[in-house]
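Please view the sequence and the structure below before reading on.

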Amino acid sequence: MFANEMAEATCIIGHKRPHECNEEVEEAQKTKRKRKVDEDTCQNQHQCKEKKSRLSAELFGEDCEISHEQVYEFLKYAALGKRHNAAQPSWCRIYHQRHLAKVVVIVLQEVSQLYFYRFYLQFKHLRRAFQHRFSLPPTSANFIASVCGEGISMKHQNSIHGSAFASSGRISKNSDLQKDPIIEKYGKEKHGLTSYILTLEEMRKYDYPLEGSPGCENYVHTQCESPRTDSSPLFGLDCEMCLTEKGNEVTRVSVVDAEGQCIMDELIKPETQILNYLTRYSGITRKILLPVKTKLPEIQDKLKKLLPHDAVLVGHSLNVDLHALQMIHPSVIDTSLLFARHKGRRFKLKFLAKAVLGKEIQCENKVGHDPTEDAEAALELLQYFIDQGPRKVVELNLETVLSAPNLMESSQQKSALQLQQNGVQKQSSEPPGILKPCFLDHLNATGQKTLLLSRKELASSGLCQNSLSTLNKQILKRAIQEVPLSSFSVIQFALRSEHVAPDLVAEVCEKMRIQLADMLTVYVGPFDKDFCLKSLRREFKKCGPIQSLTVLTETHQPHICIQYEVLEAAQLAMESLNGADVAGSYIKVQRPITVMMLDCDMLIKELEMDIENEGVIYVAGLKKTLTETDLQEKFSHLKNLQALFWPRDLKSGKHRNYCFLKFQTSESALEALQDINRQGAEGSRLQSRKALTPSHLHRWICHMDRNDGKPSQLAHHILQVKKEQLSASEQDLRKKLKKLDRNIKKLYRSLENNTLCVILLPGVNSVYGSFSGLGLMGIKEESRSSAC
């Protein structure tokens, strides 16, 4: 087109004066240059658009629980990227990390996944703005430190206390050693093992099980009451746990003697049903535990017989293991406290083993931790401390090594040389590797500003108010002002000025259980008195797995109460069988009518629109004889099919009669839905509808303790009688959570585009129960922000 215009211009120029011709030529050249600039600008904008940061998380299916260490690795890569040798996390890829504007982590203290779904309708912003969602294991430790300061496993959660942003201590040869916490406690000279045994006050301070302590009434005493000497036998001990209905229960225990020989390695069958094997950490699987019959009391008896009367137990955060074993032992040495640094900060066992002993433990290529290996490492760390003395330990400059991984090799060589000088054999010949440094320290060292805003931070500056509402307003106001000035920010909002009352947690948990049970339940009828129950069960089972089926005879004509295992099945029965001719009767299908169910229709609609369910459909009616290959072939013709999730029965391990299909676009999902239902109308067993339950919520519902098929009105009545006085507290909690959602919305709107925003609900792990946490994340985009 531009060439034709030039030809016409040339033709016209021939009939004009020379200066006019020159002017038109110059004008044409200017136009050409302008178009070239516009084209270059568009091309640059297109390139920038292509390089815009984005996330790709594989969180669809059963493997949607992410550990605190995995969150740490993700945040580390987001903050540092490949330029600083940070590894791309395997569970969620960050494309074009260097184009991220900022990283903002928002922690909702004392909020769990339970609160998110109990008050789901209150979280209007959270459930609409963030595309990726995942479960977090419950925690009772310093949550911010575990995901931002150091990556730790569940078993070693309380290895770190104090702020994750605390300055690392630097001890040089010319420093005054007297100021070091190890020297202050133990002095410079070498001592025997009795100097490092925890005192009664220290055991009480660090939550060790003691006689007369709350919650330890039924604990078993080891009966090791003989006086301890420096020649008393040492035994390393470590346990691995699985998450059960009761909380964290021990499933494996290992004991190692002073010579490094494993004298006990036992698997234990927990008292209650396992909800999560935590295989990433425990190494325990269903297959491993299936043949195990040994119970905890048998292990307690074995330990009592195994340990001499003057035995000293050694471990890393040993209080966790003893509580898991429900045992009391009077003489313990805790290596996490032995090597503790300034402000009570503790090192991971994996780091100490690498930096002090030159050993690789808890390797990523292994499935789970080896408790025998961990027990042996703790024992060797104590032996190193005794042989070398406090002064040599301080001179290792472990905090410097943690912050600067390039010093690791020299530290290992130094500690290895000291081991050889004292006749201690080095256990590993593997080349030294790079530990996971505290990336926040690295950011500060490179001149990038990090920001921490929390109740504790405001208190230290004298700005903290007693009012929770005022406190969160202050944090929000400062966050909006200071986040734009920081490359990495952690903002912590408080739920309550004090811890949530246990009775309120119990009330919320019970109401959530009842609400889910009601949503999973449908009442069907009326039927003739001689109806066929077997054919009726077969008809309703086409919608999905049935938890229980109860015949109700209190009515004039028989009715059926059916409780499904998944929300989609109950909703599919409501939509497809209401008004249908079943077992010779035209039936009505309806849910229970209770106060908590008045919002059910709205809740179902919002769950359908949940961003997690975008492009996901539920398919029921699968045959038992199908294999995974058969199922993939069955749906291979569907356009843009991205993933397939086929749940298994928790007890038998067999696949269920339903699955979830995830598509790249909502349009493809809708086409697949119509195609499957068209096949159903033509005689196929398959039925389909939009998904309602994100993957992590699906697992939670499957683990939930239900009413065993009994109508829930009785449970409602009991709850009303027992919990009536707490209804005001729950209303107060609802309002606070709604305000938290609004605060996040305001802060999110203030963020610049291309900012990675991660919302973390830590969950709770206490004596009152374990409640999983929840993570939500996304990169802010102008289009999505305006839509939300």
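**Backbone features in loops**

P526 is placed in the loop that runs between β15 (521–525) and α22 (533–541); helices (H or I, at least four residues) and strands (E, at least two) are DSSP runs, numbered from the N terminus. The model is predicted: local features need pLDDT of at least 70, side-chain atom pairs count only at pLDDT 80 or more, and totals for chains, interfaces and linings use all residues. Residues are numbered from 1 along each chain as its sequence is written, and side-chain values use heavy atoms, with hydrogens and water left out.

- The peptide bond between G525 and P526 is cis, with omega at about 0°.
- Most peptide bonds are trans, and most residues other than glycine have a negative phi.
- H96, which is not a glycine, has a positive phi of about 55°. The loop between β2 (92–95) and β3 (103–109) contains H96.
- H96 has a relative accessibility of 34% and therefore counts as partly exposed (buried means under 20% relative accessible area, exposed over 50%, partly exposed in between, with a 1.4 Å probe and protein chains only).
- Q223, also a residue other than glycine, has a positive phi near 65°. Q223 belongs to the loop between β5 (220–221) and β6 (234–244).
- Q223 counts as partly exposed because its relative accessibility is 45%.

**The surroundings of E202**

- Helix α8 (residues 200–205) includes E202. With a relative accessible area of 17%, E202 is buried.
- The side chains of E202 and K185 form a polar contact (2.8 Å); this term denotes a pair of N or O atoms within 3.5 Å, where within protein one must be able to donate a hydrogen and the other to accept it, and residues adjacent in sequence count only if both atoms are side-chain atoms.
- A polar atom of the E202 side chain lies 2.9 Å from the backbone nitrogen of T199.
- Leaving aside residues up to four places away in sequence, E202 touches K185 and I197, contact meaning heavy atoms within 4.5 Å.

**The packing of α14 and α15**

- Helix α14 (residues 349–357) packs against helix α15 (residues 371–395) at an angle of about 50°, and their axes are 10 Å apart. Axes are lines fitted to C-alpha atoms, for helices over the stretch in contact, and angles run from 0 to 180 degrees between N-to-C directions.
- L349, L352, A353, V356 and L357 of α14 meet D374, A377, A378, E380, L381 and Y384 of α15.
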